[in-house]
Amino acid sequence: RETLLFSDCVRTKATLAFAERLGELGAAVEGFIQEWQPSAVALENLYFENNAKTAMNVAAVRGMLLYIAAKYRLPTFEYTPLQVKVAITGYGKSDKSAVAYMVSKLIALPASKTKRLDDELDAIAVGLTCLASTKL
């Protein structure tokens with residue numbers, strides 16, 4: 001059984017300009033890469049149907065993450081939400097609670113952090129999907 005070494009959700013102040021928030025996020029990601037030295041970066045492909053502003057901001061964050069991965073010569077892997085749900089729960093229409101439940105069954109989560117945000121659990125699920133599909 002695999003063990004999660006580290007996970008976190010980077011939070012920025014909503015009052016900051018988007019460029020400043022992006023800068024803080026990028027600096028945090030680079031710090032995590034330097035400290036934990038991962039062997040790859042796994043991202044979820046996201047699709048937005050309604051909110052163009054949100055889609056543009058998410059695209060900017062994804063672009064920044066892809067740039068950082070390239071800067072550190074880390075291979076990147078991308079998965080659709082359907083691929084993640086199938087890999088984690090075996091069912092492509094699973095809800096967030098089913099994914100969260102299965103994450104805790106598939107990987108040993110450190111007891112030092114008992115509360116995780118949905119976004120953090122989703123990121124762990126993407127990482128597990130990458131681990132299972134690439135055998136890193």
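Predicted model: local features only at pLDDT ≥ 70, side-chain atom pairs only at ≥ 80, totals over all residues.
Residues are numbered from 1 along each chain as its sequence is written, and side-chain values use heavy atoms, without hydrogens and water.

Ser94 counts as buried because its relative accessibility is 9%, the cut-off being under 20% relative accessible area with a 1.4 Å probe and protein chains only. I found a polar atom of its side chain 2.9 Å from the backbone oxygen of Tyr91. Not counting residues up to four places away in sequence, Ser94 touches Lys85, Thr89 and Val99, where contact means heavy atoms within 4.5 Å.

Next I turned to the nonpolar cores, sets of buried Ala, Val, Leu, Ile, Met, Phe, Trp, Tyr and Cys residues joined through side-chain atoms within 4.5 Å. The largest has 13 residues, and Val84, Ile88 and Val103 are among those with the most contacts inside it. H3, H4 and helix H5 (118–134) each give two or more residues to this core, and H5 gives the most, with six. For Val84 I list contacts with Tyr79, Ala125, Val126 and Thr129, leaving aside neighbours within four places in sequence. Apart from this core lies another, of nine residues, including Val41, Ile68, Ala69 and Leu74.

Notes: Buried < 20%, exposed > 50% of the residue type's maximum accessible area, 1.4 Å probe, protein only. Polar contact = N/O pair within 3.5 Å; in protein donor to acceptor, adjacent residues only side chain to side chain. Helix = DSSP H or I, 4+ residues; strand = E, 2+ residues; numbered from the N terminus.
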